[in-house]
Amino acid sequence: MSLQMVTVSNNIALIQPGFSLMNFDGQVFFFGQKGWPKRSCPTGVFHLDVKHNHVKLKPTIFSKDSCYLPPLRYPATCTFKSSLESEKHQYIIHGGKTPNNEVSDKIYVMSIVCKNNKRVTFRCTEKDLVGDVPEARYGHSINVVYSRGKSMGVLFGGRSYMPSTHRTTEKWNSVADCLPRVFLVDFEFGCATSYILPELQDGLSFHVSIAKNDTIYILGGHSLANNIRPANLYRIRVDLPLGSPAVNCTVLPGGISVSSAILTQTNNDEFVIVGGYQLENQKRMICNIISLEDNKIEIREMETPDWTPDIKHSKIWFGSNMGNGTVFLGIPGDNKQVVSEGFYFYMLKCAEDDTNEEQTTFTNSQTSTEDPGDSTPFEDSEEFCFSAEANSFDGDDEFDTYNEDDEEDESETGYWITCCPTCDVDINTWVPFYSTELNKPAMIYCSHGDGHWVHAQCMDLAERTLIHLSAGSNKYYCNEHVEIARALHTPQRVLPLKKPPMKSLRKKGSGKILTPAKKSFLRRLFD
């Protein structure tokens, strides 16, 4: 094992705890940045170009038939092939947290449609599910099993927000373990089925999962309800006959206590576990080798790398699997220095450079990082602008058009891409009216009924009307329901009290104030 410090030349502020990495044919791509994507990189997916221990983030583009992929933190990811013999693979992404700290329940499929020396084009599609749809969650795992010539996704664990009936103002952002259910997901037909296995008693989060053929191994994890990291090891087997799938679970000995560890694959039947935590705020400095042979699993300790003093003394660390036996690690910067980086980054190589890339076993899962309780907080409502103008990245600058200074301006509410069902605007090609004025929202949230988002372009709202409906109020109304807004926010008209003028007209030699009637009578009398 070799540990080497790397420098990030640009966009270093984007790399925060909870990010994920994808490896396509040896090329590594980063997503899950801090905040919403900006105009200079509307996809939020970057090519992680590493040369001579120097890392450069280069924006990528999406095809026109792609959907929008939000910057999700702590999602579950895995590789997927149509068959074990297939050479091309895709990435499955499920769940995760958005910069607004909302938890996603969507499934995305990422694939490369075109690449050359200066450009990589992705296709991102959203997969709709029916049946026992898994609830929104993060810190879980998803894997793909292959049995009898068929494939199936297996989802387990994670955390989610407490049900709305149990959430209070003080505990609005409190999370709880998801129920210990195993979900089988058919990616072809979009069907999901849940299974309750008696061996699984806790909804573990931030565990390690490994899939090989028809078997999944679940190792470690953190139980939020009991605040423990049990040394459990489960083996889940999935049989896919012509009829209903058969799922069974076996408890195996020899597990280890760890959460938020990073798993990387060194060869067809060997994996390495790096990082993680063994106690609250106590890092696990031991590395383990996991061998899978003859339907058996063996876990043993291995020689640890020469950790630097900074890594040893840091309270937290995080990272993700780069593929080919390499791990990308990050630790907080040294605050004692006058000019300090937010994080320092390292590359840990657990295998030789000639590692066989045609691997038939797929690592999980969980590009796990440290537990969310130990992570850096993220700002809400950060701006983004989604544009399908792929040619905006043409040129000889190798995509170095991303302006990191944009990330510092996070105080304004930005654009939204969700709309009401009757909207006829294509969100994949739509460009907001106010694409150059980030302080003006391009959508209105209509609070009438259950609430829905409405494009300003659909409603044909004037700029003055748009600002009027969205400014100075926590409830927005679209043009169709503007009368409701006026009724709620306009106070009832109250007629002012009219007081007659009281001009004092004193009679000479008298201290009394004459009323207008008396004053008129006296004038007629003396005239």
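1. Salt bridges. A search of the whole structure returns 7 salt bridges, a salt bridge being a side-chain nitrogen of Lys or Arg within 4 Å of a carboxyl oxygen of Asp or Glu. The model is predicted: local features need pLDDT of at least 70, side-chain atom pairs count only at pLDDT 80 or more, and totals for chains, interfaces and linings use all residues. Residues are numbered from 1 along each chain as its sequence is written, and side-chain values use heavy atoms, with hydrogens and water left out.

2. The pair Lys58 and Asp49. One of the salt bridges joins the side chains of Lys58 and Asp49, at 3.1 Å from N to O. Both Lys58 and Asp49 are buried; buried means under 20% relative accessible area, exposed over 50%, and partly exposed in between, with a 1.4 Å probe and protein chains only.

3. The pair Arg137 and Glu135. The side chains of Arg137 and Glu135 also meet in a salt bridge, at 4.0 Å from N to O. Arg137 has a relative accessible area of 2% and is buried, whereas Glu135 has 38% and is partly exposed.

4. The pair Arg148 and Asp239. A salt bridge of 2.7 Å, N to O, links the side chains of Arg148 and Asp239. Arg148 lies in the loop between strand S12 (141-147) and strand S13 (150-156), and Asp239 in strand S20 (residues 233-239), so the pair ties together parts that are 91 residues apart in sequence. Arg148 counts as exposed at 60% relative accessibility, and Asp239 as partly exposed at 27%.

5. Confidence. The chain has a mean pLDDT of 77, with 66% of its residues at 70 or more; pLDDT is the predictor's confidence in each residue, from 0 to 100. Over residues 404-417 pLDDT stays under 50, and the model has 46 contacts beyond four places in sequence for them. Residues 427-441 likewise stay under 50, with 47 such contacts. A contact here means heavy atoms within 4.5 Å. Where pLDDT is low, the predicted coordinates should not be read in detail.

6. Overall composition. The chain holds 5 helices and 33 strands, where helices (H or I, at least four residues) and strands (E, at least two) are DSSP runs numbered from the N terminus. Of the 527 residues of the chain, 50% count as buried. Among contacts between residues at least 6 apart in sequence, 61% join residues at least 24 apart.

7. The open sheet. An open sheet of 8 strands runs in the order S2-S3-S4-S5-S1-S30-S29-S28, with mixed pairing; two strands pair if DSSP finds at least two bridges between them. Strand S2 (20-24) and strand S28 (318-323) are the edge strands, each pairing on one side only. From one strand to the next the twist averages 35 degrees, with axes as lines fitted to C-alpha atoms and angles running from 0 to 180 degrees between N-to-C directions. Strand S3 (residues 27-31) pairs with strand S4 (residues 46-51) in the antiparallel sense over 2 bridges, and Phe30 has Phe46 of S4 as its bridge partner.

8. The nonpolar cores. A nonpolar core is a set of buried Ala, Val, Leu, Ile, Met, Phe, Trp, Tyr and Cys residues joined through side-chain atoms within 4.5 Å. The largest has 20 residues, of which Ile15, Leu21, Phe30, Leu48, Phe328 and Phe345 touch the most other members. At least two residues of this core come from each of strand S1 (2-8), S3, S4, strand S5 (54-59), S28 and strand S30 (343-349), and S30 gives the largest share, 3 residues. Another core, of 19 residues, lies apart from it and includes Phe156, Leu197, Ile216 and Cys249. Beyond four places in sequence, Ile15 is in contact with Val8, Phe30, Leu57, Phe328, Phe343 and Phe345.

9. Thr7. Thr7 is placed in strand S1 and counts as partly exposed at 43% relative accessibility. Thr7 and His54 are 47 residues apart in sequence, yet 5.0 Å apart in space, C-alpha to C-alpha. Not counting residues up to four places away in sequence, Thr7 touches Asn53, His54 and Val55.

10. Leu219. Strand S19 (residues 215-219) contains Leu219, which is buried, with a relative accessible area of 4%. Leaving aside neighbours within four places in sequence, the contacts of Leu219 include His207, Val208, Leu233, Gly255 and Ile273. Asn232 is 13 residues from Leu219 in sequence and 6.0 Å away in space, C-alpha to C-alpha.
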